[in-house]
Amino acid sequence: MSDKVIITCALNGVLTDPKQHAVPVTPAEMAAEAKRAFEAGAAMMHIHLRQQGEGKGHLPSWDPALSAEVQAAIRAACPGVIINHTSGVVGPNYQGALDCIARTKPEVAACNAGSLNYLKVKSDGSWAWPPHLFDNPVEKVKAYLDVMIASRSLPEFECFDTGIVRCVEMFRRAGLYGGPLQYNFVMGVESGMPADPDLLPILLKLKAPDSNWQVTAIGRANIWPLHRRCAELGGHLRTGLEDTFYKADGEKVTSNGQLIAEIAATARAAGRSIASPAEARAILKIA
C-alpha cells in the first residue's frame with residue numbers, strides 16, 4: 001500500500017443546480033473553488049462544464065473553447081494541478097465529449113466502463129426522476145478510449161457496479177487499451193453499488209492487479225465510513241460538491257475546500273500522507 005493518497009476534488013458535477021447549491025459555473029468560479037480545494041490538499045480537479053449566461057448554469061456544455069478556458073483558469077490558480085475531464089453523456093451523440101478531450105488533452109479523463117439503469121424511488125413510491133439508461137456500450141467505450149489514447153489522457157474507468165469492474169480487464173485483454181489502469185468505484189448511486197465499506201474487499205479482488213483505484217462516494221452521512229475504509233485499504237480519495245454537500249458531522253458545506261479538508265483529515269487518520277501534484281503524477285504514471 002502506498003503511503004501517499006491522491007485526493008481528487010469533483011468541483012461541480014452535472015446534476016447539481018447552482019440555483020439551489022453553491023456549485024461553480026463560470027471559469028472564474030471554477031478557478032476560485034479549485035484553489036480552495038488545492039490549498040486543502042487536492043492534487044486533481046474533476047471538472048464538468050456548464051452553459052454560460054444568465055439562467056443557464058444548470059445545463060451541461062460540451063464546448064471545447066469553454067473547456068480550454070476553464071482548464072487554463074484552474075491551472076493558473078493551482079500550479080501543477082492535474083485536470084480530470086468528464087466524458088459522461090447519455091445517448092448516442094457524444095461527439096462533444098470526444099472533441100473536448102481531443103482538443104484540450106487533459107491529463108486524466110473519465111471513461112464510464114459500462115451501462116446502468118439510473119433509478120431512484122421516493123418514499124411515496126414515485127420515481128425521483130424519469131428512469132433512464134446511462135448507456136455505455138462497448139463501441140462507445142472504445143470511441144472514448146481511442147481519443148484518450150491519442151490525447152495521452154489517462155482513462156479513469158468509472159465503475160457503477162461489480163460487473164462493470166470486471167469489464168475493465170476485458171477491455172485490456174481485447175486490445176482496446178494497454179496502458180496503466182485507474183479504477184474509480186462509484187458507490188452510493190441508488191441503482192448501483194451501495195456506499196458500503198464491506199464491499200471494498202470484493203471490489204479489490206475483481207480489479208486488475210497492480211492497478212490504482214479510488215472511491216467516489218455519493219450520499220450524506222453514510223459516505224464517510226466508506227472514505228475511511230478506502231484510505232485504510234490503500235485507495236485514493238475523492239469528494240466535492242458533485243458528490244455530497246455534507247461533512248461527517250452533518251454540517252452542510254458552502255465550498256469544495258471544506259470537503260477536501262475533511263477528507264484529507266480522514267486520510268491522515270488512516271496513517272496516509274497527502275500526495276502533491278508531482279507525487280500524484282508519478283503514482284499515476286502521467287507526465
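Tutor: A pocket is an open set of grid points with protein on both sides within 12 Å along at least five of seven lines. In this predicted model, the second largest pocket has a volume of about 330 Å³.

Student: Which residues lie nearest the centre of the second largest pocket, and how many line it?

Tutor: The lining has 17 residues, and Arg152, Ser153, Leu154, Lys285 and Ile286 lie nearest the centre. Helix α4 (138-151) and strand β8 (154-159) each supply at least two lining residues.

Student: What makes residues in the lining of the second largest pocket count as nonpolar, polar or charged?

Tutor: The residue type decides: Arg and Lys, for example, count as charged, whereas Leu and Ile count as nonpolar. By that rule the lining divides into 10 nonpolar, three polar and four charged residues.

Student: What is the volume of the largest pocket?

Tutor: The largest pocket holds about 1,400 Å³ of space. Of its 47 lining residues, Leu15, Tyr118, Trp129, Ile218 and Glu242 are the closest to the centre. Strands β5 (108-112), β7 (132-134) and β9 (182-187) each give at least two residues to this lining. Its classes are 22 nonpolar, 16 polar and nine charged.

Student: Which strands form the closed barrel?

Tutor: The barrel has eight strands in the order β2-β3-β4-β5-β8-β9-β10-β11, with parallel pairing. From one strand to the next, the twist averages 25°.

Student: Which helix lies across β2 and β11?

Tutor: Helix α8 (residues 256-269) lies across β2 (7-10) and β11 (236-239), and runs at about 155° to β2.

Student: Why is the crossing of α1 and α2 called right-handed?

Tutor: A crossing is right-handed if the near helix is turned clockwise from the far one by less than a right angle. Helix α1 (residues 27-40) and helix α2 (residues 64-77) pack at about 35°, with axes 8 Å apart, and their crossing is right-handed, so the turn is clockwise. Their contact has nine nonpolar, no polar and two charged residues.

Student: Which residues meet in that contact?

Tutor: Pro27, Met30, Ala31, Ala34 and Lys35 in α1 meet Leu66, Glu69, Val70, Ala73, Ile74 and Ala77 in α2.

Terms used
Residues are numbered from 1 along each chain as its sequence is written. This is a predicted model: local features need pLDDT of at least 70, side-chain atom pairs count only at pLDDT 80 or more; totals for chains, interfaces and linings use all residues. Side-chain values use heavy atoms; hydrogens and water are left out. Two strands pair if DSSP finds at least two bridges between them. Helices (H or I, at least four residues) and strands (E, at least two) are DSSP runs, numbered from the N terminus. Axes are lines fitted to C-alpha atoms, for helices over the stretch in contact, and angles run from 0 to 180 degrees between N-to-C directions. Contact means heavy atoms within 4.5 Å. On a 1 Å grid over the protein atoms alone, a cavity is a set of points where a 1.4 Å probe fits but cannot get out, and a pocket is an open set with protein on both sides within 12 Å along at least five of seven lines; lining residues have an atom within 4 Å of a point. Grid points are joined across faces, edges and corners, and a volume is the space filled by probe spheres set on the points.
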